[in-house]
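Colleague: Could you walk me through reading a few features here? I'd like the general idea each time, and then the case at hand.

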Amino acid sequence: MHRSLSLLPALRLSRRDRLLLLLLACMICIAAAALTRGEASSPIVVAAARCAPTFAGAKVGSCTLVLRNPGRSADRLVAIATDAADRVEIHSMSVADGVMQMRRLPQGVEIAAGATVDFHDRGYHLMLLDLKEPLTAGGSIDADLFFERAGALPVAFRVEDMER
Ligand SMILES: [Cu+2]
C-alpha cells in the first residue's frame, strides 16, 4: 500500500542531477527536431527529365521523368507547374481494344519508400496544356514538381526525341 510512496525518495534528485536531466531532455529534443527536419525534407531524386519536341502551333506537350525516393516514407507527386504551359496534368496512357487512351491521374503518383518510378515504363507522362511556345529539340524548360512530403523541387526538362 506504501509501494508508490516508497518510490518517491528515488525521484528526489539533487540540483545538479536535475540540471543534468534537463540538459539531457534538451539534447533529446534537439536531436528529435533534427531528425524530423531531415524526414520532412527527405529528397526525391529526379533523373531523365525530358520532353518531346513539338511542332509549331502545337498546344500540348508530353514529358517523362524518373523519380526515386531514397527516404523512409512514401511520398507523392501531386502537382507540376511551369512557365512553359498554362497547366500540367499527370496522365496515364493505356491501350484498350487497340485504342490508345489517356487518363488523368487525379491522385498524382505515389513513390513508395526506397522505390523508383519510371514514368516511361509505367505509361505515365506529364501533359503540358496550352503551351506558350513550341518545345524545341535541344532546348529545356524549367518546372517545379510538388511533392506531398518533400515539397517543391525545381527540375529542368531537356527537350529531345524520346524514342528509346
Ligand atoms: Cu496525356
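Colleague: Let's start with Met 127: is it buried or exposed?

Modeller: This is a predicted model, so every value here is computed from it. Buried means under 20% relative accessible area. Met 127 has 10%, so it is buried. Met 102, in contrast, comes to 44% and therefore counts as partly exposed.

Colleague: Which atoms coordinate the copper ion?

Modeller: The copper ion is held by His 91 through ND1, Met 102 through SD, His 125 through NE2 and Met 127 through SD, at 2.1 to 2.2 Å. Along the chain these donors follow the spacing H-x10-M-x22-H-x1-M. Met 102 belongs to strand 5 (residues 99-104) and Met 127 to strand 8 (residues 124-131), so this pair ties together parts 25 residues apart in sequence.

Colleague: And what is the arrangement of the four donor atoms around the copper ion?

Modeller: Four donors count as tetrahedral if all angles lie between 85 and 135 degrees. Around the copper ion the angles run from 94 to 118 degrees, which makes the arrangement tetrahedral.

Colleague: How many aromatic pairs does a search of the whole structure find?

Modeller: The search finds one. Phe 119 and Tyr 124 form it, edge-to-face, with 5.7 Å centre to centre and 85 degrees between the planes. In general, a pair of aromatic rings is described by the distance of the centres and the angle of the planes. Phe 119 and Tyr 124 are both buried.

Colleague: What does the secondary structure of the protein chain come to?

Modeller: Three helices and ten strands. Of the chain's 164 residues, 30% count as buried.

How values were computed:
Residues numbered from 1 in each chain as written. Predicted model: local features only at pLDDT ≥ 70, side-chain atom pairs only at ≥ 80, totals over all residues. Heavy atoms only, no water. Donors = N, O, S within 2.8 Å, 3.2 Å for Na, K, Ca; no water. Tetrahedral: all angles 85-135°; square planar, octahedral: opposite > 155°, others 65-115°. Helix = DSSP H or I, 4+ residues; strand = E, 2+ residues; numbered from the N terminus. Buried < 20%, exposed > 50% of the residue type's maximum accessible area, 1.4 Å probe, protein only. Phe/Tyr/Trp six-rings, centres within 6.5 Å; stacked < 30°, edge-to-face > 60°.
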